[in-house]
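Please keep the sequence and the model at hand while reading.

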Amino acid sequence: MLAWLLFLGMDGSYLFNVHFLRPAQGYKESREQGVFTENGVFSVLYALKLTIKPRYVRTHISHPALSAISAEEALKEVQSLYNSNQEFTPQPENPFLRERTIFNADATGRDIVILIFESLDYQHVDSFSGKKLGLTPNIDSLVNQGIRFTNFYACGDASSLFGVGTLLSGVCALSGAPYFGRGLESYPLPGLGKLFAAQGYNTIFVQATYDDCMFIGPLSRLMGFSSYEQKDLPAYSYTKGDIRSDYEALQFLADKMSLSEQPFLGTFFSVSTHEPFSEVYLPADQAKLKGVTSPSYEYSLAYTDWAVGKFIERLKELGKYENTVFVLVGDHRLRSVSAPRWEDNFHIPFAIVAPGLFQAGVDSRVAGQADVLPTLVDIFHISAPYLSMGKSLFENSPAPFTFVSFDSADHCGFINARGAVLESDEVYKAVPTLHPLRKKALSINKIMVSVVKGFNREIIPSGT
């Protein structure tokens, strides 16, 4: 009997490499497989394994300031921030769960391409910074045809998982609760891919790195996407050895779009602008034109921009461009660039482009990554319940804001037109603990943690 119990707690890869399965690994293929790692037998065995051979895991600190505000007071604060006359809230105790009743634009039936760029730095993209670096002419050309948001912020200061996770799930990393890869994956969140699949969309996620890098491949599947990684991509001559990169991934995405008989939601996550910036080859004429040398961030960004240009050319050849909504966004800022203001740690480019639908222009409202999911829900007329810590950017909210997490989500913050604040006294010693903006950050964090940890893990009510 003991031998059988031990077998149940082991990863079956298998009898030759006997090792215990880390809970998050169970979710690599599906939520159902992941649930297996939470049964009592496995949990006991996993705890024994960690007792015998401890493994460092970053603790999810619940900042002491969170206790300075009651749950009732926090809920009222959050309801005032999220309640809208354009949406219905089926569970008053969960203001993040909403259903749209009024829609502000109509992109129904169009394809969608979400371009998520690794370390896309605001100061390096001319259409946002106003500089003339010349590194991103193709991205700039696309951005200039749409609405660019000049006060847009990542949910985290330096994590691809936090950025991509927020974009696909609508949920930011939180102080006092685990994120994807540490526990949040066990909750049945109504992710972006699931919402669009229910509308008849073919949902694809493509990245040029390996599937489990930063848990992003498993995350995309949990959010309702069919995912593809470097081993799925064809080889071209623009990378070293067997490495695949942004050009291959984008051309693969174009191939999938051309073959799809359904409306298409394609999400691309770049890798070329990740350190060490030395695995790609920009065509010589392009490198000379842009004045860049390898290895460098500038060279890699110029390569990614060139790959985007080739992708757009391909979509035009396929007749797909005019009927596609494009979302361009960074996962986080470039870490090596100094941040003069605290909020600059989160400042990233964001634009939404829909040829013939949205008039090109600039929007200077404060916004963030959590706003992307509700914005797409709005313009694609999805009336199903969705969960998000953001709001539609096409809804004229009287006081736009964004929630952010800092230092691996050990701290939380709030940014609006009045300024930015972190709940940590160590950073803002002169700001009272319950400064109005600080209270908003703490309230959002506190109520979202209760949502994640409560409701018997049934965030979306059964039968909806």
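## Sheets, helices and confidence

Strands S1, S2 and S11 make up an open sheet, in the order S1-S2-S11 and with antiparallel pairing. Its edge strands are S1 (87-88) and S11 (386-387), each of which pairs on one side only. Between S1 and S2 (residues 97-100) the antiparallel pairing runs over two bridges, and Glu-87 lies opposite Arg-100 in S2. Helices (H or I, at least four residues) and strands (E, at least two) are DSSP runs numbered from the N terminus; two strands pair if DSSP finds at least two bridges between them.

The model is predicted: local features need pLDDT of at least 70, side-chain atom pairs count only at pLDDT 80 or more, and totals for chains, interfaces and linings use all residues. Residues are numbered from 1 along each chain as its sequence is written, and side-chain values use heavy atoms, with hydrogens and water left out.

A further open sheet has eight strands in the order S6-S5-S7-S3-S8-S9-S4-S10, with mixed pairing. S6 (226-228) and S10 (361-368) stand at its edges with a single partner strand each, so one side of each has no neighbour in the sheet. From one strand to the next the twist averages 15°. S8 (residues 324-330) and S9 (residues 350-353) run antiparallel and are joined by four bridges; Val-327 stands opposite Ile-352 in S9.

Contact means heavy atoms within 4.5 Å; axes are lines fitted to C-alpha atoms, for helices over the stretch in contact, and angles run from 0 to 180 degrees between N-to-C directions.

| Helix | Strands touched | Angle between directions |
|---|---|---|
| H10 (residues 246-259) | S3, S5, S6, S7 and S8 | about 175° with S7 |
| H13 | S3, S4, S8, S9 and S10 | about 15° with S9 |

In H13 (residues 372-379), eight of its eight residues are buried, among them Val-372, Pro-374 and Asp-378. Buried means under 20% relative accessible area, exposed over 50%, and partly exposed in between (1.4 Å probe, protein chains only). After H13 comes His-381, with a positive phi near 55°.

Asp-211 belongs to the loop between S5 (202-207) and H9 (216-222). Asp-211 is buried, at a relative accessible area of 15%. Beyond four places in sequence, Asp-211 touches Ile-216, Gly-217, Pro-218, Arg-221, Ser-227 and Glu-229.

The mean pLDDT (the predictor's confidence in each residue, from 0 to 100) is 83, and 80% of residues reach 70 or more. Over residues 5-23 the pLDDT is below 50. Where pLDDT is low, the predicted coordinates should not be read in detail.
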